[in-house]
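Open the model in your viewer and keep the selection panel handy.

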Amino acid sequence: MAKFQFNIMDAAGYGYYRVWIERAYLLKLALIPLFIKFACTIAIFALDIDDNVLRQGLIMLPATFAEGWVLAQFLRTLLMNERWPIMLPQRPDPRILSALLNRARGIIASILTYVLLGMLAYVIRYMMFEFFPSSQEIENARTAAEAAKTSETENRSLAGILGVFALVPTIMVIAATIWMFRFMWLYIPLSVLMPVKSYMKALSGFMPSVYLLVLFFASMAPITFVAIMLVRVVYGTTEDMGENGLMLGHFIGVFISVTTELIVGLVTTASFAWAMRNFLPRAKGSMNDFPADDKKVK
């Protein structure tokens, strides 16, 4: 199998390009899921469970299903040139029915994988909060260490050696986390029923995860920066309006944040589908509407 490689700027550019030209279709596709996500987010604040990660995951479960449905439908459009809604034929044709069945299987597999990955992310966040020290605990430990510090050279040398040994597992954990980054995008190949084994074989090695990580930041950074600026403008405008103004600013800020998350999901999905187009099953002529330096894919 050919080595996994792609132009990061082309892939990120395709994500924004395709979301822009499909904006009317995506608005129709994502409008209801957007409000479901917004309602779930407001419910988290209304129930005052900001610090309970597992409960947040349960509250956001309907939103995660809705967002997964949007991304799965968009992937079928990107890779198979299919558009929602699909109209059933008046006369049953075995070939058409078989294609519709494969489409349904791909969408369901993609949604369930996306939801599973989303719930797993909440569990990991919970474990990090439970088992890793908070910033206050780290500061207290640092203060205690400085108070108990001695001037003996042997103790300093021993502390340095222990520090080096403590750094090794940290580096290993970081490397393992980067390598596992590829699993975050399993919902993309599963949308076209590509076996997980084939997907992992196509991304064999460590560097594909590094490329995907860089692509993720390249895809999400522009829209995230714009969203941060918008939120600052909103809070700056409403902060002098009293308590009602602060509540209004927070309400608008949450809506901007939720909208940004959904747009980032669409952009990154299109970007990663473009980056993986060399090995993903796809319809003939799909994703050939964007000029790129890589002319190997037909």
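Begin by selecting H5, which supplies 9 residues, the largest share, to the lining of the largest pocket. Helices here are DSSP runs (H or I, at least four residues; strands are E, at least two), numbered from the N terminus. A pocket is an open set of points on a 1 Å grid over the protein atoms alone, where a 1.4 Å probe fits, with protein on both sides within 12 Å along at least five of seven lines; lining residues have an atom within 4 Å of a point. This is a predicted model, in which local features need pLDDT of at least 70 and side-chain atom pairs pLDDT 80 or more, while totals for chains, interfaces and linings use all residues. Residues are numbered from 1 along each chain as its sequence is written, and side-chain values use heavy atoms, leaving out hydrogens and water.

Helices H2 (23-46), H4 (61-80), H7 (153-179), H10 (207-238) and H11 (242-275) are among the elements that give two or more residues to the lining. The volume is about 1600 Å³, taken as the space filled by probe spheres set on grid points joined across faces, edges and corners. Colour the lining by class and you get 25 nonpolar, 10 polar and 4 charged residues. Here Ala, Val, Leu, Ile, Met, Phe, Trp, Tyr, Cys and Pro count as nonpolar, Asp, Glu, Lys and Arg as charged, and the others, Gly among them, as polar.

Now move to the second largest pocket, of about 360 Å³. Val19, Arg23, Leu26, Ile263 and Leu266 are closest to its centre, out of 15 lining residues. H2 contributes the most to this lining, with 6 residues.

Zoom in on Phe279: beyond neighbours within four places in sequence, its contacts (heavy atoms within 4.5 Å) are Phe4, Met194, Tyr199, Ala202 and Leu203.

Last stop: is Ser110 buried or exposed? Ser110, in helix H5, counts as buried because its relative accessibility is 1% (buried is under 20% relative accessible area, exposed over 50%, partly exposed in between, with a 1.4 Å probe and protein chains only). Not counting residues up to four places away in sequence, Ser110 touches Ala72, Leu75, Tyr187, Leu190 and Ser191.
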